[in-house]
Amino acid sequence: MEYLSTNKIAIIDLATSKITDQEVDEDLVRERIGGVGITMALYEQYQSEDPIVLGTGLLTGTLAPASALGMITAKSPLTGKVCHAPLTLYAGLELKYSGFDYLVIKGSSKKPVYLWIHDGVADISDAKDVWGKDVWASTDTIRELMGDSLIQVLAIGKAGESESDFAQVCINYWASGDRWGFGKLFGRKKLKLVALRGMSLLEVLDPEGFVKQCKELLSTLKAVAFADKKGIEEIPAAIGEEDIQKWLAPLVHRHQSCFNTPFPTNTFVFLDEDPKLLKESEKEEPGFLITDVYGLLGFKKLGLSAADACALLRECARYGIDAVAVAELSQKAGKKKPDEIKKSFSGLKGALENIGKGRFSPWSPPKPIFANFGGSQDAQWWERKQAVAYIFGIHPIFALMSPELSEEKLIELANLGTGLGFTSEILDKVIADISK
Amino acid sequence: MGIKVDPKKCVSCMACEMACGYHRDDGFALLSSCIMVTRGREKRDYSAVVLKEEENLVIARPEGLEIRRIGAVGEEAGADQSKSDASAKPLLLREPCDLCSDREDGPLCLQFCPVNAISMD
């Protein structure tokens, strides 16, 4: 695969410590486009070996607006179905530029290991320096070991190591959209983390045509409904949940976008520092980046103050446990004090009602955000919006804000980038195939 | 005339960095960009936008702008940024900003910033 691709797939066998590289077959791309179209194909190919497949969309890491998305495809320990979790922030970008479009991680290691994926090389390393550490300490340790603070780290914490049903694969220090318990799969495989870094170059078939189209799309997006809004705190009211802006506002330090995403869906709050501080804090860990709206809402519904809710989100991320599950099970158990909730992380059990029904993570809200898409926006509409986003590598929450990023526009970009002649019929078939 | 960055508007999306990389390499890459968002102080939520001009390194920090003369304090400037940001140091080795002089529409970083944090000075 010559364009918009690093043309490599790594097949990593943790049981034998063998790693083999494959090229990305252009015929596979013609047939499955990319993203979950291909992670599903790879999952099916290796399904007898309980694989975890990491991948990127066809447009991930380009100038296409919101092209931030990578994904994890695996069988969810919570639902028993093959599901997809989003990799946002800079993780999708870094996976693409690490020199691999896809990673298939199969088998289980006997001892704890981590993967170091960089510049077209995949290594399995002994995890003795990080096993037993929480997510934050693990990320710090790996970055210090490699001497590079820009390494993106997909890590589990103690929840994953102890194979909790609610263990999450976190991104660096922050919660991810893994609402499927994929952290448990990492733990079961004795895989502590995947570290990503790379400096690849993605070739484009018609670079000027591609960039012109990206520019026009961005220009349209900048003029629409979300243009004067920022941050995760804007989202609840827009989806019919409680308005939390006033509640959170005193803590907000800054808003942060995922790679090349026009709307900053993440909000950094300062908990141990003045949120208005402009210069660099002298404190090592002054706050937390909120990336998951439902975790935040879940703790607010327990009656916690914004400061307590955000501090608990930080503890969840350190432990590597899904805050949404923690909030729901705390509610059921009548636990409302931060200390008792934190104590319950270890050994947390129970059935969740607030669980994804489809294949895509319920981290993305179930309805349009700020935007009017016209027509009916039912569960089927949402599944298709998510499928398209996960195929092309578009931020799945931003996809719910931007009717302008239509299927036609994304297909057009994919064709300008690759010349592979994608059509809406091919996209329909990919979506039908991954929905089986 | 040069690029001006308002770091208070910046949301660290790196679109400017990728646009600049495209201008240099005619493909998508970050290795040659002369503008970059420093992301090394992630836990502190502290970032700046650094631009390499012909003679200066312009560091747009939230608390204010700093301009350092390359050469006179070049090593110091590189070292300061690279303490926690591995990609900052090679910035000094990259080509300086040419304001996308071969492009009719002007600098690409400006056109791709989604929050209008970049303008022409």
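## Where the chains meet

The side chains of B:Arg44 and A:Glu280 come together in a salt bridge, with N and O 2.9 Å apart. This is a predicted model, so please read each value here as computed from predicted coordinates. Across the interface of chain A and chain B there are nine salt bridges by the rule used. The same rule-based approach gives 25 residue pairs in polar contact across this interface, with both residues at pLDDT 80 or more.

Which elements of chain A give two or more residues to the side that touches chain B? They are α3 (91-97), α4 (135-146), α7 (207-222), β12 (252-256) and β13 (266-270) of chain A. The largest share comes from α7(A), with eight residues. By residue type, the side of chain A that touches chain B divides into 26 nonpolar, 14 polar and 16 charged residues.

As for the extent of the interface, 56 residues of chain A are in contact with 42 residues of chain B. The two chains bury about 4,100 Å² between them, and 56% of that is on carbon and sulfur atoms.

## A salt bridge within chain A

Over all chains, the count of salt bridges comes to 38. One of them joins A:Lys184 and A:Asp165, whose closest N and O atoms are 2.5 Å apart. This pair links distant parts of the chain, 19 residues apart: A:Lys184 sits in helix α6 (residues 182-188) of chain A, while A:Asp165 lies in the loop between α5 (158-161) and β10 (170-171) of chain A.

## Two open sheets

Chain B has an open sheet of four strands in the order β2-β3-β4-β5, with antiparallel pairing. At its edges stand β2 (35-37) and β5 (64-69) of chain B; each has a single partner strand, so one side of each is left without a neighbour in the sheet. On average, neighbouring strands of this sheet are turned by 15° against each other, direction ignored.

In chain A, five strands form an open sheet in the order β8-β7-β11-β9-β10, and here the pairing is mixed. The edge positions belong to β8 (121-126) and β10 of chain A, each with a single partner strand, so one side of each has no neighbour in the sheet.

| Strand pair | Sense | Bridges | Example partners |
|---|---|---|---|
| β2(B) and β3 (residues 49-52) of chain B | antiparallel | three bridges | B:Met36 and B:Val50 |
| β7 (residues 113-118) and β11 (residues 191-197) of chain A | parallel | six bridges | A:Val113 and A:Leu191 |

In general, strands of a sheet pair through backbone hydrogen bonds, either parallel or antiparallel.

Conventions
Residues numbered from 1 in each chain as written. Chains lettered and ligands numbered in written order. Predicted model: local features only at pLDDT ≥ 70, side-chain atom pairs only at ≥ 80, totals over all residues. Heavy atoms only, no water. Contact = heavy atoms within 4.5 Å. Buried area = accessible area lost by both parts, 1.4 Å probe. Salt bridge = Lys/Arg side-chain N within 4 Å of Asp/Glu carboxyl O. Polar contact = N/O pair within 3.5 Å; in protein donor to acceptor, adjacent residues only side chain to side chain. Nonpolar A, V, L, I, M, F, W, Y, C, P; charged D, E, K, R; others polar. Pairing = 2+ DSSP bridges. Axes fitted to C-alpha atoms, helices over the stretch in contact; angles between N-to-C directions.
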